[in-house]
Amino acid sequence: MNDAGPFHGHYNVWLVFLSFAIAMVSAYASFSFATRLRFQSKQGEQIWLWSGSCALGMGIWSMHFVGMLAHSLPLNVHYHIGYIVVSILFATAGCYLALAYIHYGENPLFALLFALLFATFFMGSGIVLMHYIGMSAIASVIVSYTSSKVLLSICIAFIASFIALRIAFYTNYQLTWKVKLICAAFMAIAITGMHYMGMNAAQFYPKEVDTAVGSYINPAFFSVVIAICIMTMFSMIFLTIYMDERTKHQHTLQQAIFHSSTEAIFITNEEGNILGINEKGEEFFHIKKQEVSGKPITNFLSFLTEVSSSSRDQIYSTIFVNDKQYRICVNITKATFEFMEQYIISVRDVTEEHLQKKQLEEATNRYRSLFDVSPLSIVLHKGEEIISVNARFLKMLHFEHEKEIVGRNITEFIDKSQRQHIKSRIDQFMKLKDEDSFFIDEVKVKTNQNHHLSVQATSIVIIMNGENYIQTITQDVTENHRAKETLQYLNSHDSLTDLPNRTLFHQIVKQDLWKVQQENKQAFMLSIDIDRFKQINDAIGHHGGDQVLIEATRRIKSCLGSTDTLSRMGGDEFMLYSPQAKEEVFQLADRLLEAFVLPFIVNKYKLYHSVSIGISEFQEDGVTVETLVRNADLAMNEVKKLGRNGWKCYEPLMKTYVNRRMEIEDGLRQALKRNEFALHYQPKVNIIKGEIVGVEALIRWNHPEMGFLSPGEFIPIAEESGLIVPMTQWVLREACSQGVRWKEEGFSSLKISVNISSVEFAEPSFVDMILNILEETGFSPNKLELEITESVAMKHVDLVIEKLVKLKKHGISIAIDDFGAGYSSFSYLKRLPIHTLKIDRSFIQNLYTDSREAAIVSSIISLAKSLDLSIVAEGVEERDQALILHQEKCDEIQGYYFSRPIPPDELKKVAGDMWEKIKDCQKENVSSLSL
């Protein structure tokens, strides 16, 4: 060492700042290269290892020598090239070893911490050696060091290396340019601090060196070299920035593909190790990204033994995921990313597609089979050209071979009147874009034998190879048409008489009425009903009745004109519409009556039956078919009331009568619930015995709006509507209950008579009903008398006798009411188990003025006596009538002469007056009236 004292140099501030900038840029470069190195394959990693090592080593070296140039010494300084090169090698080698250990330290075979420590050792050692060997490169001076400061500089080098490597490789933060810049500034402070601490530890002593001999470089040229190194380093920095942006763009595209794709995607390197997987892949394979990184792709796709050799369009295979089988389609795409070859493997689940394809193939085969053997006639045509037909279609058109029809125009077989329509439908179908469109047409076709058929054609669009075809399924409905026409005819005509039924008749008349109204003409509706037709069915059966209806139809039609319309409305009722003048219609009605004068010959029986005709006039009596029919029916019913065998025109009063009947019927349905009925009792007297022997229960009705109604008005309505049944039961129950009350009051000898209608008597449970009411009320059966008419007694005699015998066995008396008014048969009287005959009031009215009436009454009384029957005369209103009946020894007399029908509580009040009249009839033979 020279005896002279150490030199004391000074620092150029601008070069100091430049050294700091170089340190900061080199640190930024190290972070950028570290980012690149993280994602490299084996081929790319060496490039980035050497690039990063050179950039970082050269940067640290450039910062060192700029720092040395910043320190000015009072002599010419030259630099030894050998030392410079060695310092560069140590800087680069240290950085390379550090980066290599870090990179390979990520392998699970290495402990991460040890890798970081080793890397720190190599980088720190490289920096220290580079610094102090670089210091030795200074010629013309001898350098001595302060040990403590040297040690401190070494510590700073190792700490700065540790921090730099830790941030670059072991942080979870994204190394954005801002983060890199901040970290680079921190590292620059540490690196320059280490350098200037080392410079501060050095003392420089002069030394004689011949720079002309040996490998030395002067400061000026050395500055150029450093500048070149700095430019190289900056170029590499700009390269990393460019690569950052490129990587960022590629990464963005990659992430967009990953996250938007509906397919599972793997990214592998050339060796088939997985670099990444998207969310769909995690979901499909039930794995996590962290679990698959670095694993071979064959763990999941075993058939991809070599990714690079498997790169082609599509690979179909079957795999199992969690024991579930999937059919997949794999596409492998080779891509270069950061100078590294990568393989994008997309996995698409085609299980459903595969199943659908398989089902489609099966469906196609089934379709062909069904097409060939279908019982339906099928033709496939492209536009109007026939492409294919099945056997059934050939048979329908009477062809033997498919070649006879294939290629021909389908409209050849369609009726000319429909061809244009069918052509337009076909043109419309050929323009459709989907297979769901279809139409149904009914067409007339011509067979090979020139027969004409009615065919229902159902056509649907099918698309094959992108072209529209039409499949038409046809069905021969010729017979269906005939059956339909027959059914329509049967539905609109009466099957027995072949006349229009009610529905068709209304349609025909409705159309004609509009025409009549427009032309201001007359039209009439005639309701025709065969009189006593029910007796025909009862006498000779329904078949005989049908023969009468057929003959009646023939007779009516023989009277009609060409414009008349006849309909059978049901049963024996016909409706005739005649758009003629009034006089002509009246003449028509007369002809109809004459047509039924001759008897009907059925099964050798001669049946005489007339008709009743009601007439209504269009506009006068109604403007609708329904109104005209209803009013004609009302007029016809009026004819029947007047004795049948005639015709009558509708009058408004008829409708009033019908409305009243409807109002009465509606009131009857509510009367029992509202307790509107009451019973009055008309006494029966025995003049010979001089006592009241019984009463007849007679119903009365006080209608809440119409007042008291005559039984002659509401009883027939009750019988027609069936309401007579509950009404009779009420009368029986009320009469028996009253009889019990009278017995309690001391009137024990009274017998109560109740009228029984034919409707009630025909009930199968009639006898049981009577017995139940007697048991319910406690009334004695021998005090009850049931009155039935001759018509009831003479109808179904055997059944009547059976019921009467049962009643007689229980002590109930039976009386024949209105005897003599009907078709009396004395032979039947002997068979009937009856007790009493009631002479009809029509014989009593003229008893003392008409000797014939008196003779009839006398004969009836004698007949009753001979048959041991009691006799009752009803309708006695005058004293002379009572005297004659008493003289003829009539057992009982009933009528207004003795008492009108009275409420039950007035019986005692009228007893006195009745006694006086009885006494008068007895001519002092009766001394008292006992009850």
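Student: Let's start with helices: at what angle do α18 and α19 pack, and how far apart are their axes?

Tutor: Bearing in mind that this is a predicted model, helix α18, which covers residues 652–674, packs against α19 at an angle of about 75°, and their axes are 10 Å apart. Angles of 65 to 115 degrees count as roughly perpendicular, so α18 is roughly perpendicular to α19.

Student: Which residues make that contact?

Tutor: From α18 the contact takes R660, R661, I664, E665, L668 and R669, while α19 contributes E713, F714, I717, A718, E720 and S721. By residue class, the contact of α18 with α19 divides into 5 nonpolar, 1 polar and 6 charged residues.

Student: And how does α17 pack against α18?

Tutor: Helix α17, residues 625–641, packs with α18 at about 85°, and here the axes are 10 Å apart. That angle makes α17 roughly perpendicular to α18. The residues in contact are R630, L634, A635, E638 and K641 on the α17 side, and M654, K655, Y657 and V658 on the α18 side.

Student: OK, back to α19. What does α19 give to the lining of the second largest pocket?

Tutor: Helix α19, residues 711–721, gives the most to that lining, with 6 residues. The second largest pocket has 44 lining residues, and those nearest its centre are I715, E719, N755, S757 and T789.

Student: What's the volume of the second largest pocket, and how do its lining residues divide by class?

Tutor: The volume of the second largest pocket is about 1400 Å³, and its lining is made up of 19 nonpolar, 13 polar and 12 charged residues.

Student: Which elements give two or more residues to the lining of the largest cavity?

Tutor: Those elements are the helices α11 (391–396) and α12 (416–430), together with the strands β12 (377–382), β14 (438–446), β15 (452–464) and β16 (467–476). The largest share comes from β14, with 4 residues. As for class, the lining of the largest cavity divides into 15 nonpolar, 4 polar and 1 charged.

Student: Switching to sheets, in what order do the strands of the sheet with β17 run?

Tutor: That open sheet is formed by 5 strands in the order β18-β19-β17-β22-β23, with mixed pairing. Strands β18 (565–570) and β23 (646–649) are at the edges and each has a single partner strand, so one side of each has no neighbour in the sheet. On average, and ignoring direction, neighbouring strands of this sheet are turned by 20° against each other.

Student: How many bridges join β17 to β22?

Tutor: Strand β17, residues 524–530, is joined by 7 bridges to β22, residues 611–617, and the two strands run antiparallel. As one example of these positions, F524 has E617 in β22 as its bridge partner.

Student: Which strands does α14 lie across?

Tutor: Helix α14, residues 502–519, lies across β17, β18 and β19 (573–578), and α14 runs at about 140° to β18.

Note on methods:
Residues are numbered from 1 along each chain as its sequence is written. This is a predicted model: local features need pLDDT of at least 70, side-chain atom pairs count only at pLDDT 80 or more; totals for chains, interfaces and linings use all residues. Side-chain values use heavy atoms; hydrogens and water are left out. On a 1 Å grid over the protein atoms alone, a cavity is a set of points where a 1.4 Å probe fits but cannot get out, and a pocket is an open set with protein on both sides within 12 Å along at least five of seven lines; lining residues have an atom within 4 Å of a point. Grid points are joined across faces, edges and corners, and a volume is the space filled by probe spheres set on the points. Ala, Val, Leu, Ile, Met, Phe, Trp, Tyr, Cys and Pro count as nonpolar, Asp, Glu, Lys and Arg as charged, and the others, Gly among them, as polar. Axes are lines fitted to C-alpha atoms, for helices over the stretch in contact, and angles run from 0 to 180 degrees between N-to-C directions. Angles under 35 degrees count as roughly parallel, over 145 as roughly antiparallel, 65 to 115 as roughly perpendicular and the rest as oblique. Contact means heavy atoms within 4.5 Å. Two strands pair if DSSP finds at least two bridges between them.
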